[in-house]
Amino acid sequence: MTQPQPNEIYLKDYQVPAYLIETTALRFELGEEVTRVIADLKVSRNPECQQSKPGLQLDGHPDLVLEELSVDGRCLSAEEYQRDGEQLIIADVPASFELHCVTVIEPQNNTALEGLYKSDGMFCTQCEAEGFRRITFYPDRPDVMSVFETTVVADKAAYPVLLSNGNAVERGEEGDVHWVRWQDPFPKPAYLFALVAGDLKYIEDSFTTMSGREVKLQIFAEAKDLDKLDYGMASLKKSMRWDEEVYGREYDLDIFMVVAVDFFNMGAMENKGLNIFNTSCVLAHPATTVDAGFQRVEAVVAHEYFHNWSGNRVTCRDWFQLSLKEGFTVFRDSEFSADMNSRTVKRVEDVSLLRTAQFAEDAGPMAHPVRPASFIEISNFYTLTVYEKGCEVVRMIHTLLGAEEFRKGSDLYFDRHDGQAVTTDDFVKAMEDASGRDLTQFRRWYSQAGTPVIEASGSYDAAAKRFSLTLRQSCPATPDMAEKQPFHIPVAVGLLTPQGQDYLLGNGATTQVLDFTEAEQVFHFDNIDAAPVPSLLRSFSAPVKLSYPYSREERMFLMQHDSDGFNRWDASQQLAVEIMQGLIEDHQAGKELQVPEQLITAYRTVLGDDSLDKAMVSKILTLPSQAYLSELAEVIDVEAIHAVRKFVRNSLANTLESLWQDVYQANLSDEAYSPDADSIARRSLKNLALAYLLATAKDEYLQFALRQYDAADNMTDQQASLTLVAHSEFTDAADELLDRFYAAWKDEALVVNQWLSVQASAPAEGALKRVEALLEHPAYDAKNPNKIRSLVGAFCGQNPVNFHHQDGSGYAFLADQIIMLNKQNPQIASRLLGPLTRWKKYAPARQQQMRAELERIKASGELSKDVFEVLTKSLAV
Ligand code: PHE
Ligand code: ZN
């Protein structure tokens, strides 16, 4: 099978666009068979382009049917333009002209869910990153910004609601057909264009901005989901207020709309004035949504809203700069969530994700810098590195500058670049100019991939009352780069007295941020009266792996006394990690396992510690995940990690049984459900206690779980029971409960997705059989990304023991799915590939099986760019 090798595109080849589009007028005639798109563009030469008489290059997907193309009213003959793959080139055009272009598309057959497509009978769009070229011919690049006017024409009965960006300025009807014209006064790149047409209902509210303007807020959904929109609306209003208070950013249009759609490749999209959301990220109701779901809605609504400034008003010059908007906006939404809920808990959650999934990405074949230097398919770069590590990079700037100087920097950035398409370097420059700090070396965080490693050691000189901290940094090679230069790493440090108090450090505070810039550096702390226990990398001040030769006693000391809440949690995690790593070795050596007394003491102490809030107790008492232990392992021994986790969990369950009972009882409540931080913490601790109780495998605790299931007035408690029972040894009870759950919730799509996930992630033998049966279940839809993620994604990502089954059946299953999805929805196919690309981390037998499946996919026929890139890069290492 030969196929043309897709091109790799390089940042170093960037060139300014030859033509600019001043205005873009679009008319959509939406139909069931075909949709006609009429585009009228005012085009002119870009004065910044040096080329003399360049041709006009437009992007356009090969599937576009071109009906008409004219320049200044004159129809072009076939010889006057050239279609070549993804491009249309008109060699000879005036310096400024009007381009008229008519294309025909079939949204109803668009399964890739990029461009204009249909979701549950409604029309909607997804144009980021390069979806607009599936709608019409256009310079589909973010540095071409244009003022859009959009007219949507459709059948009135089937599509009563017609939406696009900006303000509705005119509407009319004729027979069965009606139309609405929208104008967006803010110039924007094509990737922020949006259109929605459907039978939608909405809720409405309003927000008065800091300058006193009233903004209309509307959230649209299918009628059946109208009762699940209030939380999203409340979150939106909180976000708008927060962005005014913390960043001084005011909303700029008179209306802000959000639409919930069921078929969506990602979480949500920040289209100007018309955000489009995956239902899973905006619908919320106590009866159907778990606590984590409420928190996700709050965070994603905020994230998309914040993009209005960090992304839309100031956008990206090219897609290599993706983290300019995503890293910064994740930082903004993360701080928002920290302010709305518990800061420490949010930090623990963010860092857990980073350390498991992003660190694994950094160590894998697709490793790339926060600002990638090249790509084949940009959709493959909406990654944890660009988003989460990108957020950490912005956070480090915040840490280095302090909140006040950072705000000056962000003000300067927005002010200087409003209406422009810029680079991550422009962002850093604004931070430098506003603060006077030199961030030259710091910029390496944008260009060097890989997770830096810090080895720390300390020594105390009693006579001089001086503590010296030696830090050494290195960064492993990544496929793109062998040698790395030292990073500028902010290391936040505190020193604890033997009584567990903070020493006052040289800066007059209890925490000092060290500028660690050399390969090796020694930092001295004076006036330290007794040998301290250092608290390092407080609040996880940099995305690195830091080690220090702590004794177990010191870790337990930090767990109890560190004034940095994050580090208290991390001390507990690292204690458990160290112990479990020892047990994994014992397991591999065939030794009998025994949980060291220290872990049990540590758990007992935390269970009796009133100074900790419930959320932290529940985080501390949660064992390191299989994914985290796998990331830390040199070679991943799936069964050993699983067996040890189970063994430790069961030991803690049995040894502390009565304490778990107390915790469970103490946290029952008959208050009405509320998704506030305290209530979430209480439920999380209660359900953690229930998990330990069920791990004892005693029938009485199965009864606890079943009682909780029946009594629950909210999905959090009900689903916790369901998951615990379904993943327990009580298999009959599990089957019965799963059936009851489905019967009760079969009409709630998002709840059914959870039901699929619970089964797909069940660790018992035979999960694959169940998953294969569920593929045929009426609840499944192989075209809906949420369903695919809930079933196939959960099995391959959250069921390590079954996915990595010795017989290779899990790998073969995933490969079959990818071969099927490669044609249908390349973005989803490529994302699902993830678990197979990490083959290098496993023992030789598994490596071979995994590679064989990758080769089979490669040989299966024509590959999408998405799958091609991930496949070839992961086979090349
Ligand atoms: N820009 C979106 C966000 O992070 C993500 C997204 C990318 C959505 C590509 C759809 C397609 O807010
Ligand atoms: Zn985003």
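This is a predicted model: local features need pLDDT of at least 70, side-chain atom pairs count only at pLDDT 80 or more; totals for chains, interfaces and linings use all residues.
Local features were required to have pLDDT of at least 70 and side-chain atom pairs pLDDT 80 or more, whereas totals for chains, interfaces and linings use all residues. Residues are numbered from 1 along each chain as its sequence is written, and side-chain values use heavy atoms, with hydrogens and water left out.

Histidine 307 lies in the loop between α2 (291-306) and β22 (315-316), and glutamate 326, 19 residues apart from it, in helix α3 (residues 322-340). Both histidine 307 and glutamate 326 are buried, that is, under 20% relative accessible area with a 1.4 Å probe and protein chains only.

Strand β15 (residues 177-188) runs antiparallel to β12 (residues 146-155), to which nine bridges join it, and valine 152 stands opposite valine 180. Seven bridges join β15 to the antiparallel strand β14 (residues 167-174). Strands are DSSP runs of E of at least two residues, and helices runs of H or I of at least four; pairing requires at least two bridges. β14 and β15 form a hairpin with two residues between them, and glycine 175 in the turn has a positive phi of about 60°.

Within the largest nonpolar core, of 285 residues, Leu99, Phe427, Leu469 and Phe525 touch the most other members. Such a core joins buried Ala, Val, Leu, Ile, Met, Phe, Trp, Tyr and Cys residues through side-chain atoms within 4.5 Å.

How values were computed
Chains are lettered from A and ligands numbered from 1 in the order in which they are written. Buried means under 20% relative accessible area, exposed over 50%, partly exposed in between (1.4 Å probe, protein chains only).
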